[in-house]
Amino acid sequence: MNIDKFKRQHVEIIGCIAALRKASQAGIRENAEEIARLIISMSSIIKLHLAVEDQVLYPALRNGNNAVLARMGTKFQNEMGTIATAYMVFAERWNHADKVSRDPDGFRSDANSVLKTVHARMQKEDSVFYPAIEAL
């Protein structure tokens, strides 16, 4: 299975996280429009990424002939449900500039928590999950 598309999407998401960090450090209120735009952009990438994983990757692993990868896929998919839900709540909360500018400390706190979890998950996929799939 070729997982290069998943890896490229991770690079795009990490780029969005880096851009959010830069905009936040330059001033949350001053950059609220850009922050909201980046969240909307990143959400589109994440939604597509999750949909392809759920519709293609995980079913292929479940239906494949490698029981270890099937179990690993199920575990990763189950874990991702909680992470995805937390991200979607974050994105809905902060996808408008006025919401961001009204509560910069709340945004910073949420972003630090949620985006750290998203980033850590992508690192785990890149270092453990995808290499296991590629080793087939």
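Throughout, a residue counts as buried under 20% relative accessible area, as exposed over 50% and as partly exposed in between, with a 1.4 Å probe and protein chains only. Met122 falls in the buried class, at 4% relative accessibility. The model is a predicted one, so local features need pLDDT of at least 70 and side-chain atom pairs count only at pLDDT 80 or more, while totals for chains, interfaces and linings use all residues. Residues are numbered from 1 along each chain as its sequence is written, and side-chain values use heavy atoms, with hydrogens and water left out.

The overall picture comes first. The protein chain holds five helices and zero strands, and reading along the sequence gives the pattern α-α-α-α-α. Helices here are DSSP runs of H or I with at least four residues, strands are runs of E with at least two, and both are numbered from the N terminus. Taken along the principal axes, the C-alpha atoms fill a box of roughly 55 × 20 × 20 Å. Of the 136 residues in the chain, 42% are buried.

Two of the helices can be checked against their expected span, defined as 1.5 Å times one less than the number of residues. Helix α2 (residues 32–63) has 32 residues and should span 46 Å; its end C-alpha atoms sit 45 Å apart, which agrees. Even so, α2 has a kink of about 40°, centred on Glu53. The bend at a residue is the angle between axes fitted to the seven residues ending there and the seven starting there. Helix α3, with 28 residues, reaches 40 Å from its first C-alpha to its last, close to the 40 Å expected. A bend of about 25° turns up in α3 at Gly81. Among the buried residues of α3 are Phe76, Met80, Tyr87, Phe90 and Trp94.

Next comes the packing. In soluble globular proteins, nonpolar side chains tend to be buried together. A nonpolar core is taken as a set of buried Ala, Val, Leu, Ile, Met, Phe, Trp, Tyr and Cys residues joined through side-chain atoms within 4.5 Å. The largest such core has 30 residues, and Ile39, Met42, Tyr87, Phe90 and Phe107 touch the most other members. At least two residues of this core come from each of α1, α2, α3 (67–94), α4 (97–102) and α5. Helix α2 gives the largest share, nine residues.

Grid points are joined across faces, edges and corners, and a volume is the space filled by probe spheres set on the points.

The largest pocket holds about 270 Å³. Its lining has 13 residues, and Arg21, Ser24, Ala111, Asn112 and Leu115 are the closest to its centre. Helices α1 (4–25) and α5 (104–134) each supply at least two lining residues, and α5 gives the largest share, seven. The pocket lining divides into six nonpolar, four polar and three charged residues.

Leu50, in helix α2, is buried at a relative accessible area of 14%, and its C-alpha is 9.4 Å from that of Gln77, 27 residues away along the chain. Met122, in helix α5, lies 116 residues from Phe6 in sequence and 9.8 Å from Phe6 in space, C-alpha to C-alpha. Glu12, in helix α1, is partly exposed at 42%; the C-alpha atoms of Glu12 and Met42 are 8.0 Å apart. Ala135, in the segment after α5, counts as exposed at 66%, with 9.5 Å between its C-alpha and that of Met1.

Conventions: On a 1 Å grid over the protein atoms alone, a cavity is a set of points where a 1.4 Å probe fits but cannot get out, and a pocket is an open set with protein on both sides within 12 Å along at least five of seven lines; lining residues have an atom within 4 Å of a point. Ala, Val, Leu, Ile, Met, Phe, Trp, Tyr, Cys and Pro count as nonpolar, Asp, Glu, Lys and Arg as charged, and the others, Gly among them, as polar.
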